[in-house]
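Me: I would like to go through this structure and ask what stands behind each label. Please set each value against its cut-off.

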Amino acid sequence: MRWTKELIPIAGAIVLALGIGAIVTALTGYSVPAVFKQLVIGAFGDWYQLAQTLTQATPILFTSLSFLIAFRAGLFNIGAEGQLYLGAFFSAWAGFSLRLPPVLHTVVCLLFGAVAGAIWGFIPGWLRAKRGANEFVTTMMLSYVAIYLTSWLVAPGGPYHGTQWANQTVRIATSAQFPRFIRGAQLSWGIVVGVLIAFIVWYLLFRTPRGYELRAVGQNPLAAEYGGINVARNLILALVLAGALAGLGGAAETLGTHRRFIENFSPGYGWDGIAGGLIARAHPLGAILAAVLMGALRAGGQAVDRAGVAPADLASVIQGLVIFFVVAPELIRYLRRLRRGKLGDTEP
Amino acid sequence: MGILSLNLFISALRLATPIALVALGETYSERAGVINVGVEGMALAGALSCAIVAYFTGSPALALIAAIGIGASLGALHAVWSVYLRADHVVSGAAVNLLVTGFALFLTRVIWGWRGTSPSAPTMNAWILVGVGVFLIALSQVYIFRTPWGLRLRVVGEHPRAADTAGINVYRTRLFYTVLNGALCGLAGAFLFNNLGRFTDGMVGGRGFIGIAAMVVGNYRPLPALLAAYLFGFVDALQMRLQEYIPSQFSLMLPYILTVIVLAGFLGRAQVPKALGKPYIKEQG
């Protein structure tokens, strides 16, 4: 099986990262068993903790999908964070401004989020395809523009400053909200929508001509061009879809988790998506597992903190280590092949 | 003069310094062909190590060395990953940022018990670092365009194969300039610490990315990048005074929007090094 071959180096990377995380824990004077026990209990200990993990995993799943769909077309979407903010704001706007029947209202809010993100993906896509502008710089820069824009919208003096005590909008209508699963936990239908979308992205990438074209452009744009594929259109499409996916992630946060738009609500979910997409080896179904892993690290980290055994931020240290090791094993294999001289003069 | 006082131009120079240092570092590594989006994390690591060493030894000079050293080590890490292991440059840089952010929040808790901040610690006069920055930038303008070493640096980024044929070690050159980039980011972090007198986790706050922006706007040249950094610093200083008229968020957006416009080629073509971000694979003999 091909996927077991893919899985082993990733599992190895995770174990290695946890190992170094354990060393860091020990060196800084915390109890390794206590920290790891709390990490597991906090992430999967009971239904409530599992709900916390999945709540954290939801936006990460969307941003991972956003990163990987662009990655498959050979592009870097580093701006998922900004697309997420725009998606969250505009779905909130649809949530408190429009009056619609329950299910329809939610769908319309999701569409608002997706379109807002898609527009923010179209700009760097168009600039890349037509003007040759590096998309990893433009997506990153536009991300900040989006974050400042939404921040202004809800700041005092801004048009949607909804409450006196915090920079946020008013609550969205009940008809727009995602139902929640457990009383007291924020976990909502967002995760179900996320998993559904992951399957749709998988189908799109691997079972449709459109997905074939996207991947062909990512593998070798010159060959794709000779094969009659419109490269420019596919580059734009990839970033539009990437933006839409991140925007949907923002919408899911608004509709399920916060039920309003809050300034600076994301602790870096957009950046987590880069890690998630890479840990998943850019596979949409793998992204589900990767997002749960990262959600578990976040939720577990909070439990570690609450229990007072170590600061929560140990989890982000481990997360950073995981990424380093996940990108390494493939390259070690690559180098080994290179030494055997099987690799030509190609530039991947 | 009203809003435009001498004071404004002076505070702009201070605000521009970390941006200009990062821009200079990035100019070196990108000229050699290495993209480094880890500048944000490298500057943060520099600021944190500066705070830690200054707090425990009381010596701002030692703290400065520590900041530069940590920045350089992270530069080396990024170089090993991107140049030797051929990891994607953007991914490796992003991983540096995540790792440092996590470590910064963790270590401040471990050392001082506060999440993301340090108590105040001994500093040196930040103006010294402003001067050092301007001096290094002027020197680099000459180094990159008027010396044989600068020529070698540019060839490695433009045409590594030709550089290799001419006997230049492409890998080592890229490693060296990426380490230099890290060291300059560390210096930027040291400036931020000495400017404020303590560490906070938000003190870099996107200035690393604005540094990359300044480099793009300056078209990969140290002196124009300094001017771009000064413009951004000026806008930053001005937005505090203009808040009554323009919401600060809009002035804060300016560097980012300007960068996108420059990259889009609406203000003349940016001259991106041709081998930027591409791994170099030595031919097998």
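This is a predicted model: local features need pLDDT of at least 70, side-chain atom pairs count only at pLDDT 80 or more; totals for chains, interfaces and linings use all residues.

Me: Why is His89(B) called buried?
Reply: Its relative accessible area is 5%, and buried means under 20%, so His89(B) falls in that class. His89(B) lies in helix H4 of chain B. Leaving out residues up to four places away in sequence, His89(B) touches Gly33(B), Val34(B), Ile35(B), His78(B), Ser82(B), Gly277(B) and Lys278(B).

Me: What does H4(B) give to the side of chain B that touches chain A?
Reply: H4(B) gives the most, with 14 residues. Helices H3 (60–84), H4 (89–112), H9 (207–217) and H11 (248–263) of chain B each supply at least two residues of that side. By class, the side has 34 nonpolar, seven polar and eight charged residues.

Me: How many residues of each chain are in contact, and how much area do the chains bury?
Reply: 49 residues of chain B are in contact with 50 residues of chain A. Between them the chains bury about 4,700 Å², 76% of it on carbon and sulfur atoms. On the chain B side, Leu98(B), Phe106(B) and Tyr256(B) lose the most area to chain A, together 14% of what that side buries.

Me: How do you know that Arg115(B) and Asp313(A) form a salt bridge?
Reply: Their closest N and O atoms are 2.9 Å apart. The cut-off is 4 Å, so the pair qualifies as a salt bridge. The count between the two chains is two salt bridges. The interface also has four residue pairs in polar contact, both residues at pLDDT 80 or more.

Me: Why is Tyr220(B) called buried, and what is its phi?
Reply: Tyr220(B) has a relative accessible area of 2%, which is under 20%, and therefore counts as buried. Its phi is near 60°, a positive value in a residue other than glycine. Tyr220(B) is in the loop between H9 and helix H10 (222–242) of chain B.

Me: What makes Arg281(A) buried?
Reply: Its relative accessibility is 17%; the limit is 20%, so Arg281(A) counts as buried. Arg281(A) lies in the loop between helix H11 (269–279) and H12 of chain A. The phi of Arg281(A) is near 50°, again positive in a residue other than glycine.

Me: How does the span of H12(A) compare with the expected one?
Reply: H12(A), residues 284–306, has 23 residues and reaches 33 Å from its first C-alpha to its last, close to the 33 Å expected at 1.5 Å a residue. After H12(A) comes Gly308(A), with a positive phi near 75°.

Me: Why is Gln52(A) called buried, and which side chain does it contact?
Reply: At 17% relative accessibility, Gln52(A) is under 20% and so is buried. Gln52(A) lies in helix H3 (residues 47–72) of chain A. Its side chain makes a polar contact with the side chain of Tyr48(A) at 2.7 Å.

Me: What makes Ala246(A) buried, and which residues does it touch?
Reply: Ala246(A) has 0% relative accessibility, under the 20% limit, so it counts as buried. Ala246(A) is in helix H10 (residues 231–258) of chain A. Residues up to four places away in sequence aside, Ala246(A) touches Phe62(A), Ser66(A), Ala80(A), Gln83(A) and Leu84(A).

Technical notes: Residues are numbered from 1 along each chain as its sequence is written. Chains are lettered from A and ligands numbered from 1 in the order in which they are written. Side-chain values use heavy atoms; hydrogens and water are left out. Contact means heavy atoms within 4.5 Å. Buried area is the accessible area (1.4 Å probe) that two parts lose on being put together, summed over both. A salt bridge is a side-chain nitrogen of Lys or Arg within 4 Å of a carboxyl oxygen of Asp or Glu. A polar contact is a pair of N or O atoms within 3.5 Å; within protein, one must be able to donate a hydrogen and the other to accept it, and residues adjacent in sequence count only if both atoms are side-chain atoms. Helices (H or I, at least four residues) and strands (E, at least two) are DSSP runs, numbered from the N terminus. Ala, Val, Leu, Ile, Met, Phe, Trp, Tyr, Cys and Pro count as nonpolar, Asp, Glu, Lys and Arg as charged, and the others, Gly among them, as polar. The expected span of a helix is 1.5 Å times one less than its number of residues. Buried means under 20% relative accessible area, exposed over 50%, partly exposed in between (1.4 Å probe, protein chains only).
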